Protein chains: 2
Amino acid sequence: MTQKLETIKQEFIEGLSQISRFWGFPKGMGAIFGVLYLSPSPLSLDEIARQTGLTKGAVSTEVRALARMGLVHRSTRLADRKDYYEAETDFYKSIRSILKERQNTEFDRAVGSVKETLARLEAGTTNAEERAFLIERVRALQEFFDAIDSLARAVVKLESLGLANVQKILSILK
Amino acid sequence: MTQKLETIKQEFIEGLSQISRFWGFPKGMGAIFGVLYLSPSPLSLDEIARQTGLTKGAVSTEVRALARMGLVHRSTRLADRKDYYEAETDFYKSIRSILKERQNTEFDRAVGSVKETLARLEAGTTNAEERAFLIERVRALQEFFDAIDSLARAVVKLESLGLANVQKILSILK
DNA sequence: TAGTTCGTTTAGTAATTACTAAACGGACAT
DNA sequence: ATGTCCGTTTAGTAATTACTAAACGAACTA
């Protein structure tokens, strides 16, 4: 039996909310993206609020977060004070901007603290045997983070991480 | 000025807690991993509880989660009823088991719902023009998820995702 | 048998995060 | 200026998540 389009859309949006939550983002964020992604034209704040059931305030803050990540884009119309938002449809582009956004955040600071730990350990003079063990462990972790970081930077630098590149990677990993 | 090893370790563990939180895991989980990672020998539940400041109950549940992800390993000693845990030191191995663990979870279910949405849309007969638009959008998203999924599966299948492979990937992406 | 010593579960609490309602301030129109 | 229409901010609340304390059950011991 064929369902009403509205119902299908609603369930799709629900699905995106779940995915959003899974990745540690507010579920409202997923819903907002979903609404925009299924809209053929840019929507205003109030329209998004209406369709998601969130308040204008919540939509305001979360749609800006989405914009910082490059998942949505703000646009304006002449002689119209409203802002309009539309979803980015190139997801590879989005990944790149999310990675870019995530660099220079708390995460980088935390990773930096590992580096710092290593420096401190190496500056020490006492407890030779325990220090040697700790240095080795922390160094290994730091190398791992560096590898991840290189990967992320490489992806950010690509002008397009398309299906083609993904398939190239897949062929290497075979 | 050289600091006490204990202080340095403490700050390192704090750093791992932050990183853990950043990725959407409980910060206690990061602390537990940190304690184990800096220990040259496996530790018992109570010892982990003591060093992290968490209760035995909390450690029990979170250390099991870590074990499911393959980030720590449980071991036992003859004539000793205690369980002992130690950190996995091969992080690439860990990534693989985390990916493996994440498959077949809520995430997969949510991604599956996108597939389902597509099927429902294609089964419809009314609203030809709007449906065409929605189908196109949802299909694009589904393709994207499939690409991610292939990557994850490829990584899981590798017997070793080492630095070597990472560098190969980097060279492709250049 | 009763008594230890473990890990796990449970029920409740603390802390954090997501959200609402409403005030606010800027930009424009009259 | 005054009022309206926006987006943003703020202060408070709801919902969720992380945790504690304590009871529990299994496995062993005496």
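Biologist: Which helix gives the most to the surface near DNA strand D?
Modeller: Keep in mind that this is a predicted model. On chain A, helix 3 (45-52), helix 4 (56-68) and strand 3 (80-87) each supply at least two residues of that surface, and on chain B helix 2 (27-37) and helix 4 (56-68) do too. The biggest contribution is 5 residues, and it comes from helix 4 of chain A.

Biologist: How many residues surround DNA strand D?
Modeller: Going by C-beta atoms within 6 Å, the closest include A:Leu45, A:Gly57 and B:Pro26. By class, that surface has 4 nonpolar, 8 polar and 7 charged residues. The number surrounding DNA strand D is 19.

Biologist: Where does the largest share of the side of chain B that touches chain A come from?
Modeller: Here 51 residues of chain B are in contact with 52 of chain A. Helix 1 (5-22), helix 6 (106-123), helix 7 (128-157) and helix 8 (163-173) of chain B each supply at least two residues of chain B's side. The largest share is 13 residues, from helix 7 of chain B.

Biologist: What is the bridge partner of B:Ser75 in strand 3 of chain B?
Modeller: Strand 2 (residues 72-77) and strand 3 (residues 80-87) of chain B run antiparallel, joined by 6 bridges. Their hairpin has 2 residues between the strands, and B:Ala79 there takes a positive phi near 55°. Across in strand 3, the partner of B:Ser75 is B:Tyr84.

Conventions. Residues numbered from 1 in each chain as written. Chains lettered and ligands numbered in written order. Predicted model: local features only at pLDDT ≥ 70, side-chain atom pairs only at ≥ 80, totals over all residues. Helix = DSSP H or I, 4+ residues; strand = E, 2+ residues; numbered from the N terminus. Nonpolar A, V, L, I, M, F, W, Y, C, P; charged D, E, K, R; others polar. Contact = placed C-beta atoms within 7 Å. Pairing = 2+ DSSP bridges.
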